[in-house]
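Here is a short report on one protein chain. Look at the model first, then read on.

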Amino acid sequence: EDKEMSDSAYAHITVLDYSISEVYVYPNPTVGKLFIQSKGCVDGVLLRLYTQRCELIYEGTGQEHYLDAIVLDLYHLPTETYILHIVGKDGTIIKKRVVKDNQE
């Protein structure tokens, strides 16, 4: 077996675009899952969710990950307006107002 040609030799991918300058948060208002989507790579993005009283209630990378989107599940949270900080690998912070609504 030629170890130089193994599958692992091709597993390294370098992504240069860590810009999160264009971020879409939907649906807003939401009753549960909130999608955070960017034209750039969302890998390594940190999410911080604050109440309007500036209390940090979530910090992490979301519950589901896709190539260009992260899912943050707000189902368990009370109906309120929250402030979402989306922190890119380069330290860029984008702030979005998120409304959590009751179940229909």
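## A loop residue with a positive phi

Cys-54 lies in the loop between strand E3 (46–50) and strand E4 (56–60). Strands (E, at least two residues) and helices (H or I, at least four) are DSSP runs, numbered from the N terminus. Most residues other than glycine have a negative phi. Cys-54 is not a glycine, yet its phi is positive, at about 65 degrees.

Is Cys-54 buried or exposed? Its relative accessibility is 64%, so Cys-54 counts as exposed. The cut-offs are these: buried is under 20% relative accessible area, exposed is over 50%, and partly exposed is in between (1.4 Å probe, protein chains only).

## How the model was read

This is a predicted model: local features need pLDDT of at least 70, side-chain atom pairs count only at pLDDT 80 or more, and totals for chains, interfaces and linings use all residues. Residues are numbered from 1 along each chain as its sequence is written, and side-chain values use heavy atoms, with hydrogens and water left out.

## Two cis bonds in one loop

Most peptide bonds are trans. Now look at the loop between strand E1 (23–26) and strand E2 (33–38), where Pro-27 is found. A cis peptide bond joins Tyr-26 to Pro-27, with omega about -15 degrees.

Pro-29 is also placed in the loop between E1 and E2. A cis bond links Pro-29 to Asn-28. Here omega is about 10 degrees.

## An aromatic pair

How many aromatic pairs does the count give? The count comes to one. Its members are Tyr-26 and Phe-35, and the pair is stacked. Their rings sit 5.5 Å apart, centre to centre, with 10 degrees between the planes. The rule covers rings of Phe, Tyr and Trp (its six-membered ring): centres must lie within 6.5 Å, and planes under 30 degrees apart count as stacked, over 60 as edge-to-face and the rest as tilted.

Tyr-26 is partly exposed, with a relative accessible area of 36%. Phe-35 counts as partly exposed too, at 27%.

## The whole chain

The chain has eight strands and zero helices. From the N terminus on, its elements run β-β-β-β-β-β-β-β. Of its 104 residues, 34% count as buried.

Take the contacts (heavy atoms within 4.5 Å) between residues at least 6 apart in sequence: 53% of them join residues at least 24 apart. The chain exposes about 7,000 Å². Carbon and sulfur atoms supply 52% of that area, which comes from the Shrake-Rupley method with a 1.4 Å probe.
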